[in-house]
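Morning, everyone. Please have a look at it first.

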Amino acid sequence: RRPVWRHVWAWLHGQAAAPRLVSPARATRLSGTLRTAAEPARLRAAYELAQATAAEAAEALLAVVSDAGAATSVRRTAAYGLSAASCVSAAQCERLLFLAAGSDGAEGGAEGVEPCSLPPTALRDASLPSSPDAASGATDPILGVALEEPSRWLSASLLRASEGFDAELLLAAADPAAEIRYLAAIVLARATRLADSEAVPCLERALAVPAAQLACQGWGASLDSPPPPPSARLVALEAFGARCAAAGSGPPRLLARTLAHAWADAGTRAVAARALAQLSARPAVSAGLSSDEEVGGEVVGALAAALSGDADRYVRGYAADALVSLLVHGGSDAARAALEAAFGDLGTVAVLQGQDQELADARARCRSLCARRWCPLTTPLSPF
């Protein structure tokens, strides 16, 4: 397990594992192990290939991930390695992300799929409808799935039946191509060696084409391959919290509109709120949002509405966390007002206004108060 341990040890230090020389012959043997051995041996092979400097190593991992004839467990293990690989490119992952249904990646089908032809600015120009209409209906804006009750989390079994694979990658896939597109989204979201500037445009394009937006935005004519499945788009949305700190106003605005959307599933809203909490925890992002009256106002407004009225406790918790960061790092008056309205009964007004201690101290106090509120948010009538 040493290759796995090296990767985890480096990751815990915020680094990438040191690359190692692997001969072409060794890479070939490891590729065979990755396809046929038991899982412990497959994991070792995947991470050894990931730490190899040769381009053949990443290609071997890509070949297994894109092999529609491989078992789900084998593709999953290869995706772990690909996320840690030193030679993988965003273009390679994007070809898999928009892999056409029925394509056989092992026979080169993935290589023949051109990246989505939507412009990179599509997300920044997107305008999610704020309420159901004839074009969108009762449809989640990110998942593109029809909902009966958006206050509840979409059933995993229903989503699995719709997508043709298990998002937890435990069950065999009925639609291998859809599962491959999902794995590509995971690699783009988590690959340690991919620069944010390379991965973010691919993730933006994944979010620019959900079924609910194709009709609204008129982009269908430019789409050369099926959009990524709903779970892949959810992974892309989640990745915005970690990868979009320097991506401008587009991601925060889309996250805010998703959070406030009338037909966003509770799970989708929780992911959007968590991504906003991650972004807001970065001082530069919070300061930028606080100084941008238009975008910052939209973000704080969505977070304040979620904190005060969302039916899901996870959404409320993440919204509170994001507002605290916007207050502490950006000095947002609107965030202060929202938090005072929510926590005034706990005696936090003086803390939030900085009257009894320094602002640096306020951060710890506010987060402590958020934690104290976490359990009372759960009741027999609202367990989620």
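Is Asp67 buried or exposed? Asp67 is buried, because its relative accessible area is 12%. Buried here means under 20% relative accessible area, exposed means over 50%, and partly exposed is in between, with a 1.4 Å probe and protein chains only.

Some ground rules. This is a predicted model, where local features need pLDDT of at least 70, side-chain atom pairs count only at pLDDT 80 or more, and totals for chains, interfaces and linings use all residues. Residues are numbered from 1 along each chain as its sequence is written, and side-chain values use heavy atoms, with hydrogens and water left out.

Salt bridges, then. The criterion is a side-chain nitrogen of Lys or Arg within 4 Å of a carboxyl oxygen of Asp or Glu. The whole structure has 14 of them.

Back to Asp67. Its partner is Arg35, with the closest N and O atoms 2.6 Å apart. Arg35 sits in helix H2 (residues 24-36), and Asp67 in the loop between helix H4 (55-65) and H5, so to speak of distant parts of the chain: the two are 32 residues apart. Helices are DSSP runs of H or I, at least four residues, and strands are runs of E, at least two, numbered from the N terminus. Arg35 is partly exposed, at 35% relative accessible area.

Next pair. Glu298 and Arg253 meet in a salt bridge, 3.0 Å from N to O. Glu298 is in helix H16 (residues 293-309) and Arg253 in helix H13 (residues 250-260), so the bridge ties together parts 45 residues apart in sequence. Arg253 is buried at 18%. Glu298 is partly exposed at 25%.

Third pair. Arg269 bridges to Asp310, with N and O 2.8 Å apart at the closest. Arg269 belongs to helix H14 and Asp310 to the loop between H16 and helix H17 (313-330), so parts 41 residues apart in sequence are tied together. Arg269 is buried at 7%, and Asp310 is buried at 11%. There is also a network: shared partners join Arg253, Arg257, Glu294 and Glu298.

Now pockets. On a 1 Å grid over the protein atoms alone, a pocket is an open set of points where a 1.4 Å probe fits, with protein on both sides within 12 Å along at least five of seven lines; lining residues have an atom within 4 Å of a point. The largest pocket holds about 920 Å³. Its lining has 39 residues, with Tyr182, Ile186, Arg190, Val235 and Glu238 nearest the centre. By class, that is 22 nonpolar, seven polar and ten charged. Helices giving at least two lining residues each include H1, H5 (72-84) and helix H9 (176-190).

The second largest pocket holds about 220 Å³. It has 14 lining residues, among them Leu147 and Glu148.

Two buried residues to look at. Ala79, in helix H5, is buried at 4%. Its C-alpha is 9.5 Å from that of Ile180, 101 residues away along the chain. Leu169 lies in the loop between H8 and H9 and is buried at 7%. Phi of Leu169 is near 60°, a positive value. Most residues other than glycine have a negative phi.

Last, the surface. Trp9 is in helix H1 (residues 2-12) and is exposed at 58%.

How values were computed. Points joined across faces, edges and corners; volume = space filled by probe spheres on them. Nonpolar A, V, L, I, M, F, W, Y, C, P; charged D, E, K, R; others polar.
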